[in-house]
Amino acid sequence: MDPADAVIVISPVEEIDPELTETVRRAIEEAFGFGTREASLVTDIGFAHDANRGQYHSTPILEKLADAAPGDALKVLAVTREDLFIPILTHVYGEAQLGGRACIVSTNRLGEGLSAAPTTTAYLDRLAKEAVHELGHTFKLLHCKDKTCIMHYCRKITDVDRKSNDLCRYCKIMLGDEVKRIGREAAAAPHG
Amino acid sequence: MGSTKILIVDDELIMRESLAGWLERDGHQVDKVASGEAALEKLRETRYDILLVDIKMEGMSGLEVLKKVKENDPEVDVVMITAYGSIPSSIEAMKNGAYDYLLKPFDPNELGVLIEKIVERQAQAKENLYLKQQHKERTRFESMIGQSATMQRVFDFIQDVAPADTTILITGETGTGKGLAAKAIHSNSPRREGPFVGINCGAIPEHLMESELFGHQKGAFTDAKENKKGRLELAHGGTLFLDEIGEITMRMQIDLLRVLEDRVFYRVGGTQPMEADFRVIAATNRDLDKAIKEGHFREDLFYRLNVISFAMPPLRERKEDIPLLAEHFLRRFSQETNKSIEGIDREAMDEMMMYEWPGNIRELENAVERAVVVGKSTKIQPADLPIFRPEVCAPVKSNSLKEIERVHILNVLTENDWNIARSAKILDIDRSTLYSKIRKYDLQKTG
């Protein structure tokens, strides 16, 4: 895959309000500088459902998503309305393969603390930040101690409102390093 | 680097994996094992800051793991992971020294807060140690000593590279005198009239590092009551010595690279660009090539630092210098303690020559200091040395240096009930070195 032609694929699990995907698309393009396209890669996540918890285990979804990623997809982001978990934690807002290809965000808890319906600016802002945050992990970015950086891990969803839409300068440099590394790897890979 | 090392001990694969993934995204270095037995095995080779241990496991229970870990290294913080039914065991674990317990599945906030609290507490302890060490370092300055061919080559090299203003990277094991070599380069350079400013990157807690290096403006953070010059400014016109450079965080690596490239920096909270003119000498006992491959050290920073490099030889490779060094330390400590000790008995010197000195010159210095303090005769006797004390010695199977080192380490561990922190202090090596020695010699606690 030539990184110049590579895109980040946004994959809605269920039918999702176009305003939400548009918000995510703009945020991703601005933060990472790659083009995006929408494609529904995994639409049935029943296999990850845990009946006891009434939630979906995000890790196997990521594996399936990575397998379904098309050739031109540098990274894949799934967006779902369902509530996600990993076994050790009660819930997660999203999950990513660190340095991998796939990540997922859930809109399920994004409305916490907001009184209005899920298309308010605050809600859209949270979704955009969570999407960029999870995608950041796929570019090997870790949680950042700078509270204004989008890679900062917020303990509560309401704290997300306080961080900016942008990466701090350290994370920008590390993102740049990783993008360069991906480019070098692609150049060294056999073509054909 | 600069991150917390965490070991997860849980017999459920899915729990181990999900917890590890979560912690890795927080920037921690995480290892995971499936049993208590495997955990103890892992602890023999690596030192962890935090252990997350499931209470209920097949084979060795979490409580047993806790007890064994605390016996060996009371400073490790152990957090027990438990299910609803095991709360009484968690309370017992707290009585046995566990830091806290978490009920699974836990809320992400709860886990984050707990880890943060432990990291802050450990950083505070590190800061206290740093302040103590700083005091100790101020009182102990030695010049480089050595007549061996190996050291002569080092001296020649220093003479050659000192006049140029090039950045130098000094490698070598702990205690080999990398700091002294850096001072020698400075003293022989055109910057000798300027300051020599050192900073131990491994000893300074992350939260202090930025302000130590770059300085800060009044009001930049809660404790910034006054403007403070950082080491970069203090080194203006002289030499900046970055000791244990392999330990700095990725963020600090980015900042440092920028300073080395542009020679311009900002104080924390400052908006005015500052310029300083200094030569950089860095030192490390880490394998930076490996750190680069593992993604822990920036390649561009490495090339900036590694313009010229040389390695300080370990003491075991220049044993002919031991008598000279030992006599030097003897004179100094005799003066300091006001004891008239004339010299070192031949048998004691033989034993010093046979020993491998894993802690290098620093260990030799400590050994002589102890001998001067405890010695009753006019010459240092073998019994005065902490290396060999017949009454506690395990049998030596051969006279090879390795065997002697093995026995010495085993003796120190036995004398100190396998308390790793205490034993490492006595041996004057860091705990990770002691762990690797234990693994190398397959030392086992008996009785």
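**The interface of chain B and chain A**

Across the interface of chain B and chain A, the rule finds three salt bridges, a salt bridge being a side-chain nitrogen of Lys or Arg within 4 Å of a carboxyl oxygen of Asp or Glu. This is a predicted model, in which local features need pLDDT of at least 70 and side-chain atom pairs count only at pLDDT 80 or more, while totals for chains, interfaces and linings use all residues. Residues are numbered from 1 along each chain as its sequence is written, chains are lettered from A in the order in which they are written, and side-chain values use heavy atoms, without hydrogens and water.

A:E95 forms a salt bridge with B:R25, with the closest N and O atoms 3.9 Å apart.

Let me turn to the extent of the interface. Chain B and chain A bury about 2600 Å² between them, 61% of it on carbon and sulfur atoms; buried area is the accessible area (1.4 Å probe) that two parts lose on being put together, summed over both. In chain B, the residues that lose the most area to chain A are B:W22, B:R25 and B:R251, together 30% of what that side buries. The contact (heavy atoms within 4.5 Å) takes 27 residues from chain B and 27 residues from chain A.

Helix α3 (residues 62–72) of chain B packs with helix α4 (residues 87–95) of chain B at an angle of about 5°, their axes being 10 Å apart. Axes are lines fitted to C-alpha atoms over the stretch in contact, and angles run from 0 to 180 degrees between N-to-C directions.

Note on methods. Helices (H or I, at least four residues) and strands (E, at least two) are DSSP runs, numbered from the N terminus.
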